[in-house]
Amino acid sequence: MGLLSPLYLLGLTALALPILFHLVRRTPKGRQDFSSLMFLQPTPPILTRRSRLDQLLLLLLRLAALALLAFAFGRPFLRESATLPFDAVPGRRLALLVDTSASMRRGDLMLHARRAVENVLDDLGPDDELSLYVFGDRCRRLIGPSEIEASAGSDKSAVVKSRLPEVVPDWTAGDLGGALVMVAGELDSSTDVDQSAADPEIIVITDAQQGNRIEALQAFEWPPRVRVSVLPVLLKETTNAQVTLLESVDNGPAADPRVRIASSADSTKEEFKVRWDAPGVSANSVFASAYVPPGQSRVVKLPRPEASVTADRVVLEGDDQQFDNTWYVAPPRKEKLALLYVGDDDVADANGQRYYLELAIAGDPLREVTITRVSAATDLADSEARLVVVNGALPKDLESPFHAHVEAGGVVLFAPATREQAEAALAGWKGVSLQETQAPRREGQFSLLGQIDFTHPLFTAFANPRYSDFTKIHFWTRWAVEVESGDGPTVIARFDDGSPAVMERRLGKGRQIFLAASWRPDDSQLALSSKFVPLVGALMDLAYGRSGNLAGVAINEPVPLTEWRGSKAVAVIAPEGKRTDLADGATEFRETSQPGIYRLVYGVEELPFAVNMAASESNTAPMDVAQLGQLGVRMGVEKTRLERAEAIRQQRDVELEARQKLWRWGIILLLGVLIVETWWGGVRSQAPLAAVEVGT
């Protein structure tokens, strides 16, 4: 026999109450005074025997009534067996989903995850079906039920354990939502196809960090039969921070690099340091420090040391976890470029245009530019220069090679210092005419740049409102140009009176740019302003492409294979040195599976680019697993075979008790006992009380 509610048996302690009541003796209430005793001193009576139980039958009836009441509330039933054998436990369709994203590289989390998998495998029943999945940014199945059955028959756990060495963390970002959608869909569809009565269940083994993506669950209707249990693996050391190099466009072209330090919400430390580093170089002692409270971020400037020009990574120090403490940056490369110059001014002439052009390119840390004066057609044909600056009259024998050079993809800048040079430069420009009149130079009279197209590559660097002010640059001498509407050149900038200041004309694959003024100090303040060096740099970018390297990407993001200097990429060299040849016609490279510096091979040139881990993986604070339930996931708690057997036994006990209803017979007996007790109590109340024996 068993009881569904055995705690009600504590009510049997109430059996002591009738016994106590029966031990309490009642003294006679009547009193009779005698005159012969008036002169005697009263003394208390002396009991000659101890209290004893009277009315035993009445006492037993009352005890039986209390016992039957406790027994009925305990809901008794007759059980066939006290335990349920494991063979009687129904099978399940289990899917083990193990997190292998980058955050699982912390400490010994993956070791704990493998142990959790082994614990589940050790508890497998003979009728359980099992699949093993791993997920990062993508979910894949390592082994399924059919493969397990084909490999080892009934020894399922041994087969799956042999595949555990393949469960290793990668560098991808965790997409828990996408993995759950995939596995739940497969379980639900296979259950319908096989017409299995086994309950499908997903056991997720993960660090459950907040950076896991769960957005895929929002548009997915969760199968009602599939239950999810989460087995989290945790660390004692929870402080984690990440460093990210920010773009410096907003701070101007020559600004110091800035880094963002983000601290996880469960961090216990607040002080962190960052520095530049390079492989094979001893750690730099120059740090930038920051105090970052848990769950917040701070941005600090981190100038690149002059002695570490080749530094290709920013390293963070101060937290407990190292997996995300390095942010890779493609190191700057100093390119050797050529520039052709047409003009008669001397290099040492401080009032000439070439003098300031030389100064502007001399300070470029990413380019080593050689300026060559063009005096013959051979100078143009033999040079690999794509940029030509014309500040003088173009010789007649250079006109044809000059146009061929532009059509092949070259860039030419006209900056005439005289009216004759301006007329020669604009010869052949359709829809453009040079005005006859020119305002004379006078004291206090000058022109300013007014409307500027900051979307043009020449002025993109100044698009931020902090750097778009050109009103401090005065032009005393300029050329009045009129552009007819139609197929004329594109006006990039205008003077304050609306006349064109900078125009562009496309010619074949190249372009010609006309500046309606010169930058000689006698003619304008352009060369002496802070805008001149960035303008020359933008002109170089326009001709040769941006200096430096390709934009960085995250793990597993594709890298577009664009042409560079007219060449196509033929191979990619990974950080560990592995070379991957590219197929003809390939438009992107997708094998970016680890962080580091990759190199695109263009013939004899190599163009580096950086690959970094997704920032979301550094948000290692534990997530609220209840969010999954709010998105429709049917949540549960993983139980061992013993616990499931006990749950099934309890369910069967409830069914037996509901059918037998023995508590009703207990209530009937209770009522019978109470009737007899009431009758017998009334009979005994008529009997005289026993006298109390006293001694004299």
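1. R275, D277 and E317 are linked in a network of salt bridges, a salt bridge being a side-chain nitrogen of Lys or Arg within 4 Å of a carboxyl oxygen of Asp or Glu. By this rule the count comes to 20 salt bridges. The model is predicted: local features need pLDDT of at least 70, side-chain atom pairs count only at pLDDT 80 or more, and totals for chains, interfaces and linings use all residues. Residues are numbered from 1 along each chain as its sequence is written, and side-chain values use heavy atoms, with hydrogens and water left out.

2. A salt bridge joins R106 to D207, with the closest N and O atoms 2.9 Å apart. R106 lies in the loop between β3 (92–99) and α3 (109–122) and D207 in the loop between β6 and β7, so the pair ties together parts that are 101 residues apart in sequence. Helices (H or I, at least four residues) and strands (E, at least two) are DSSP runs, numbered from the N terminus. R106 is buried at 7% relative accessibility, and D207 is buried at 2%. Here buried means under 20% relative accessible area, exposed over 50%, and partly exposed in between (1.4 Å probe, protein chains only).

3. R367 and D541 also form a salt bridge, at 2.0 Å from N to O. Since R367 belongs to strand β16 (residues 367–373) and D541 to helix α11 (residues 532–544), the pair ties together parts that are 174 residues apart in sequence. R367 is buried, with a relative accessible area of 4%, whereas D541 is partly exposed at 22%.

4. Between D581 and R579 the salt bridge has an N to O distance of 3.1 Å. D581 counts as exposed at 56% relative accessibility, and R579 as partly exposed at 48%.

5. A208 has a positive phi of about 50° and is placed in the loop between β6 (199–206) and β7 (227–232); its relative accessibility of 6% makes it buried. N556 has a positive phi of about 70°, lies in the loop between β25 (553–554) and β26 (559–560), and is buried at 15%. Most residues other than glycine have a negative phi.

6. In helix α9 (residues 399–407) the buried residues are F402, H405 and V406. They cover an arc of only 95° around the axis, which puts them on the same side of α9; the arc is that of the directions from the helix axis to the C-beta atoms. G409, which follows α9, has a positive phi near 120°.

7. Y8, L69 and F73 make a nonpolar surface patch of about 290 Å². Patches are made of residues with over 30% relative accessible area and no salt bridge, like charges being joined within 9 Å and nonpolar side chains (Val, Leu, Ile, Met, Phe, Trp, Tyr) within 5 Å. Y8 is found in the loop between β1 (2–3) and α1 (16–23) and is partly exposed at 45%.

8. For the protein as a whole, the secondary structure comes to 14 helices and 32 strands. Of its 696 residues, 44% count as buried. Residues 24 or more positions apart account for 75% of the contacts with a separation of 6 or more, contact meaning heavy atoms within 4.5 Å.

Terms used. Accessible areas come from the Shrake-Rupley method with a 1.4 Å probe; for residues, only the protein chains shown count as cover.
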